[in-house]
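Okay, thanks for coming, everyone.

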Amino acid sequence: MSAKIISGNEVSQQLKEEMKEEVVGLKAKGLQPCLAVILVGEDPASKVYVSNKKKACEFIGIKSLETRLPAEATTEDLLKVIDGYNKDASVHGILCQLPLPKHIPETKILRSILPEKDVDCFHPYNVGLISIGEVRFLPCTPAGVIELIKRGGFQTAGADVIILGRSNIVGRPLSNMLDQRDMNATVTMCHTKTKNLKERCLAADIIIGAIGVPEFLKGDMVKEGAVVIDVGINRVEAPGTEKGFKLVGDVAFNEVKERAAAITPVPGGVGPMTIAMLMKNTLTAAKATMV
Ligand code: NAP
């Protein structure tokens, strides 16, 4: 068996086209969705992420604002910028690009964003809403995973799902989302202290890798016909290539694709979905102001 490749590039493009159309309708009703992005410091990867978010906004028709602060900016400087965006009724979503410089407390900053503008869905209030099934926003990467599963037509009701990883950004919210009554999966979240990991994986209908260990999930850990979603993005050395490195996921793609029914590639799988879901949250935030 060779697996169906689930293309996050294609699904995210489709989502963006749908949102572009929706924005035309919102603008006709006088609503201009707007996302404010704050970048502190000069981290090259963060600059690329911010520029990709800006491009996605442009494509869809979402207005984007950007504030850049120097790496030496203080916590108070950043809180002041966030406070300005919190008070600005024309701004619907606020995103503070992570990581922040070490002297700025991430938790304090993320909690200073108004929950109704927290389009990354990191505020404890919004995280709490997910666990009681009253969703306002969904965190972007987990939501991207769910969208790939749904649009691929894969059944989650009654499925045994293994999530490798229990981080607050990926594993834990995914677990919370998949065992709600609209998804009805039976979820096991695994971590470094989990026993019998291989046996657990072999019994799973769906495996989601989110641990940050290059090609951890091997072919012999996967049941024939399972669906495998790879969230991992790991840089590994690739001597002789132009950049000297390549990106691989948490799944040994070439081995696993011979056993799985469907699999996401890295790059081009979950990665592009994250930005699309951020755009979706921005539209949700904007539409909530119309009610
Ligand atoms: P993280 O905060 O470092 O958490 C890693 C989790 O994996 C922890 O729960 C850890 O267990 C578990 N783990 C690590 N090694 C393990 C092993 N050998 N066996 C079992 N469990 C193990 O990672 P993260 O932020 O969730 O990111 C995970 C991966 O997803 C990374 O490659 C990251 O780059 C990628 N990512 C991608 C996107 C995207 O847009 N596609 C977004 C976010 C993250 P303990 O809790 O026991 O330490």
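Predicted model: local features only at pLDDT ≥ 70, side-chain atom pairs only at ≥ 80, totals over all residues.

Before the surface numbers, a word on method: accessible areas here come from the Shrake-Rupley method with a 1.4 Å probe, and for residues, only the protein chains shown count as cover. Residues are numbered from 1 along each chain as its sequence is written, and side-chain values use heavy atoms, with hydrogens and water left out.

The protein exposes about 14,100 Å², with carbon and sulfur atoms supplying 53% of that. Its C-alpha trace spans about 55 × 45 × 35 Å along the principal axes. For 291 residues, a compact globule would have a radius of gyration near 19 Å, and the protein's own 19 Å agrees with that. That radius is taken over C-alpha atoms, and the globule rule is 2.2 Å times the number of residues to the power 0.38.

Now the parts. We've got 10 helices and 11 strands; these are DSSP runs numbered from the N terminus, helices being H or I with at least four residues and strands E with at least two. The domain assignment gives domain 1 (30-114) and domain 2 (140-271), with bounds that come from an automatic or database assignment. The C-alpha centres of the two domains lie 29 Å apart.

How much of the protein is buried? Buried residues make up 48% of the 291, where buried means under 20% relative accessible area, exposed over 50%, and partly exposed in between (1.4 Å probe, protein chains only). As for contacts, meaning heavy atoms within 4.5 Å, residues 24 or more positions apart account for 69% of those with a separation of 6 or more.

Let's go inside. The largest nonpolar core has 53 residues, and Leu35, Leu178, Ile208 and Met279 have the most contacts inside it. Helix H10 (residues 270-288) gives the largest share of this core, 10 residues, and both domain 1 and domain 2 supply at least three residues each. By nonpolar core I mean a set of buried Ala, Val, Leu, Ile, Met, Phe, Trp, Tyr and Cys residues joined through side-chain atoms within 4.5 Å.

Take Ile208. Beyond its neighbours within four places in sequence, its contacts include Val145, Ile149, Val161, Leu174, Leu178 and Val231.

Leu178 also belongs to a helix worth a look. Helix H7 (residues 171-178) is largely enclosed by the rest of the structure, because 6 of its 8 residues are buried. Those are Gly171, Pro173, Leu174, Ser175, Met177 and Leu178. The cover over them includes helices H5 (124-131) and H6 (140-151), plus strands S5 (160-164), S6 (186-190) and S7 (206-209).

Over to Met19, in helix H1 (residues 8-28). Met19 counts as buried, at 4% relative accessibility. Leaving aside neighbours within four places in sequence, Met19 touches Ile60, Ala276, Met279, Lys280 and Leu283.

Last, the cysteines. How many disulfides does the structure hold? It holds 0, a disulfide being a pair of cysteine sulfur atoms within 2.5 Å. For Cys34, the nearest cysteine sulfur is that of Cys57, 8.3 Å away. For Cys201, it's that of Cys190, at 6.0 Å. Cys34 is buried at 1% relative accessibility, and Cys201 is buried at 0%.
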